[in-house]
Amino acid sequence: MLKLTLSEKSESFRQSFREWLSKNPPPRAPTETSLGEFERVGRAWQRKLAEGRWIGSHWPAEYGGRGLSLVEEAVIQEELVRAAAPQVLGLFGLTMVGPVLISHGTKDQQERFLARILLGEDIWCQGFSEPSAGSDLAAVRCRATRVDGGLRLKGQKIWTSFAHIADWCFVLCRTADMPSKHEGLTYLLVDMRSSGITTRPLRQASGDREFNEVFFDDVLVPDHNVVGKEGDGWRIAISTLMFERVVLTFARQLQSEVALNHMVREYGGVAKGAQKVELARSVTSACATRAMSYEHLLAYSHGASPGPEGSLDKLLWSESFQRLCKLGMFLEGAGAALGEERGKAAHAVHRYLYSRGRTIAAGTSEIQRSIIAERILGLPRLRYSKA
Ligand SMILES: Cc1cc2nc3c(=O)[nH]c(=O)nc-3n(C[C@H](O)[C@H](O)[C@H](O)COP(=O)(O)OP(=O)(O)OC[C@H]3O[C@@H](n4cnc5c(N)ncnc54)[C@H](O)[C@@H]3O)c2cc1C
């Protein structure tokens with residue numbers, strides 16, 4: 001694992017978390033082939049961590065955090081990886097809607113939602129993508145119309161991860177037709193138990209049913225569940241994506257190190273030739289990506305807001321994770337090729353198929369490259385014209 005030199009304060013914080021972990025050992029990480037087990041273990045583990053106040057440590061104390069920097073949060077994540085702990089379940093709440101509500105929510109929204117997000121009592125899903133609005137998010141067609149006391153939401157979302165177990169969904173929808181498609185959008189908090197919501201699971205290549213189609217049929221969303229002003233949804237959606245690409249990616253990056261550490265232990269001594277080189281490349285690439293992410297997290301700890309640099313983290317992590325998982329399958333050899341249903345080979349194949357979606361979710365690699373080119377490198381915007 002990469003060793004960075006942190007301040008004495010951060011190292012002593014690490015020590016106190018290690019001590020807590022030794023008294024509260026994490027449950028065994030569930031096999032990735034069972035989503036039900038993933039949910040049960042992830043929910044319970046999040047509650048335990050929250051009770052020890054190890055969840056949302058970088059959130060301000062008034063919102064249930066400890067008011068520490070993102071570096072301390074990263075230390076917690078690193079120690080969780082070291083202990084091979086399972087993923088907490090409420091990641092979308094912790095890394096996306098939670099920070100968004102802290103920045104843009106009303107006092108009432110903060111009081112109603114933030115503590116429950118920390119404890120994992122409310123699991124959130126992200127209702128952004130639609131059949132004709134993925135990379136082009138501003139093209140959303142889901143529409144909400146004004147009625148007494150709130151808005152009526154109608155339309156469809158797709159690829160909504162964990163919608164089938166979520167209590168709440170943050171939704172980007174259209175509330176007015178404007179000359180620019182980025183205007184007239186509104187950000188809503190939708191109770192998944194409202195009448196008029198239908199959730200249909202979609203099966204992924206890995207066999208999991210992590211994401212869903214979600215249909216809203218005249219769902220009433222009260223005014224107090226609008227975030228920011230009506231029509232100001234694009235600004236809040238972008239803020240969500242920035243948190244997603246930096247903070248959520250950091251958490252995922254560390255999770256993928258569980259896989260990497262496992263592979264180094266398992267195959268480090270037996271991999272030969274090109275495979276050994278590829279394994280070494282995966283280790284160096286993980287170290288480099290983590291060092292860069294740390295640099296970004298440090299900047300946010302000094303007051304900067306997440307910006308386009310999150311695309312670098314997201315791109316490098318997701319592409320190297322995919323290469324790593326592919327290597328894992330090759331290292332498993334015949335068992336993986338013959339499609340064994342249990343054991344290490346099955347696990348490697350499942351992880352590889354799961355990794356395929358990571359370069360699509362949270363914005364595809366092509367979109368991240370465009371953001372890096374235009375907004376970080378300052379290259380001119382490519383315009384496509386019909387020949
Ligand atoms: C595992 C997984 C989980 C997901 N979870 C969620 C979720 O919880 N909530 C949610 O809202 N969404 C979720 N998504 C959806 C995800 O955000 C979209 O799939 C993604 O934004 C791409 O949109 P699309 O599928 O419509 O593809 P499209 O936008 O149709 O893109 C198709 C292809 O064209 C390329 N392309 C498109 N536009 C451009 C361009 N301007 N320049 C260059 N290339 C371009 C893309 O890179 C891609 O290769 C998830 C996706 C996956 C795979």
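## Strand pairing and a domain contact

Leucine 151 stands opposite valine 221 in β7. This is a predicted model: local features need pLDDT of at least 70, side-chain atom pairs count only at pLDDT 80 or more, and totals for chains, interfaces and linings use all residues. Residues are numbered from 1 along each chain as its sequence is written.

**Strands.** Leucine 151 also has arginine 146 opposite it, with leucine 151 in β3. Helices (H or I, at least four residues) and strands (E, at least two) are DSSP runs, numbered from the N terminus. Two strands pair if DSSP finds at least two bridges between them. The pairings of β3 are these:

| Strands | Sense | Bridges |
|---|---|---|
| β2 (residues 143–147) and β3 (residues 150–157) | antiparallel | 5 bridges |
| β3 and β7 (residues 212–222) | antiparallel | 7 bridges |

β2 and β3 make a hairpin, with 2 residues between them. Glycine 149 sits in the turn and has a positive phi of about 80°.

**Domains.** The domain assignment gives domain 1 (18–119), domain 2 (124–231) and domain 3 (235–376). Such bounds come from an automatic or database assignment. The C-alpha centres of domain 1 and domain 2 are 24 Å apart. Across the boundary, 12 residues of domain 1 are in contact with 11 residues of domain 2. Contact means that the C-beta atoms, placed from the backbone, lie within 7 Å.

Which helices supply at least two residues each to the side of domain 1 that touches domain 2? They are α2 (35–51), α4 (91–104) and α5 (107–119). The largest share, 6 residues, comes from α4. By class, this side of domain 1 has 5 nonpolar, 5 polar and 2 charged residues. Ala, Val, Leu, Ile, Met, Phe, Trp, Tyr, Cys and Pro count as nonpolar, Asp, Glu, Lys and Arg as charged, and the others, Gly among them, as polar.

Key:
Two residues are in contact if their C-beta atoms, placed from the backbone, lie within 7 Å.
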